[in-house]
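The following exercises concern a single protein model.

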Amino acid sequence: MLEQILASETPIRFLINIIAMMVLVFGLYYRRYRDKELVTAASLFNVFAFGVLTVLSSVEFSLAAGFGLFAILALFTLRSEQISKVEITYFFGSIAIAVICSIHGTELAFVGVIVSLVLLGAWTLDHPRILKSADGVKITLDKIDSHALSDPEAMRTDLSKRLGVDVMSFQITALDYINDMARINVFFRKT
């Protein structure tokens with residue numbers, strides 16, 4: 001069995017997977033966002049997914065079982081803490097690379113081209129120069145402003161003054177009247 005694995009393309013596919021995942025997770029995500037926890041989770045999940053998918057691609061595996069596998073993965077998101085859109089995108093990218101590399105029946109050159117295109121797309125679309133003027137932050141206010149919901153424009157102006165930036169928009173994620181707190185996602189442009 002070991003000779004069969006070594007004679008197959010699996011080690012080469014695993015090497016392509018690891019290199020691509022490291023470029024995505026360590027080279028792009030970690031350099032830009034410095035989130036060690038997500039880097040560890042995404043890289044390990046990539047390795048685990050590659051292993052599972054390599055085994056599943058070598059046996060008869062129905063489409064229904066594949067949907068069942070993704071349903072199990074969806075349960076993880078329901079049971080874990082919320083992560084940002086950028087974090088979930090890089091996490092999904094890490095899994096996508098494992099899927100692309102582990103499915104047998106595709107030529108290695110094709111796998112290499114697709115993985116390269118995925119990495120190029122991630123590098124380009126999340127490049128700091130693309131959206132350099134816009135940023136976002138999650139804040140908690142220790143007092144709920146009376147116009148938080150009734151007058152969004154006044155709230156936006158007030159947030160701009162408090163934060164010293166040009167607030168383009170905001171999203172109230174939670175209002176806690178018991179503790180008089182508001183949690184808000186603020187999207188701003190640096191002045």
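**Exercise 1.** Determine which strand gives the most residues to the lining of the largest pocket, and describe that lining.

*Solution.* E1 gives the most, with seven residues. The model is predicted, so that local features need pLDDT of at least 70 and side-chain atom pairs count only at pLDDT 80 or more, whereas totals for chains, interfaces and linings use all residues. Residues are numbered from 1 along each chain as its sequence is written, and side-chain values use heavy atoms, with hydrogens and water left out.

Next, the lining comprises 30 residues, of which Ser 84, Lys 85, Val 86, Gly 136 and Phe 187 lie nearest the centre of the pocket. Two or more residues come from each of H2, H5, strand E1 (134-141), E2 and E3. By class there are 14 nonpolar, eight polar and eight charged residues. (Ala, Val, Leu, Ile, Met, Phe, Trp, Tyr, Cys and Pro count as nonpolar, Asp, Glu, Lys and Arg as charged, and the others, Gly among them, as polar.)

Finally, the pocket holds about 1100 Å³ of space. (On a 1 Å grid over the protein atoms alone, a pocket is an open set of points where a 1.4 Å probe fits, with protein on both sides within 12 Å along at least five of seven lines; lining residues have an atom within 4 Å of a point. The volume is the space filled by probe spheres set on the points.)

**Exercise 2.** State the order in which the three strands form the open sheet.

*Solution.* The order is E1-E3-E2, with antiparallel pairing. (Strands are DSSP runs of E, at least two residues long, and helices are runs of H or I, at least four; two strands pair if DSSP finds at least two bridges between them.) E1 and E2 are the edge strands, each pairing on one side only.

Now consider E2 (residues 166-176) and E3 (residues 181-189), which are joined by nine bridges. Asp 166 has Arg 189 of E3 as its bridge partner, and Ala 174 has Arg 183. The hairpin has four residues between these strands, and Asp 180 takes a positive phi near 55 degrees.

**Exercise 3.** How are helices H2 and H5 oriented to each other?

*Solution.* Helix H2 (residues 10-33) and helix H5 (residues 85-102) pack at about 170 degrees, with axes 8 Å apart. (Axes are lines fitted to C-alpha atoms over the stretch in contact, and angles run from 0 to 180 degrees between N-to-C directions.) H2 and H5 are therefore roughly antiparallel, a term for angles over 145 degrees.

Technical notes: Parallel < 35°, antiparallel > 145°, perpendicular 65-115°, else oblique.
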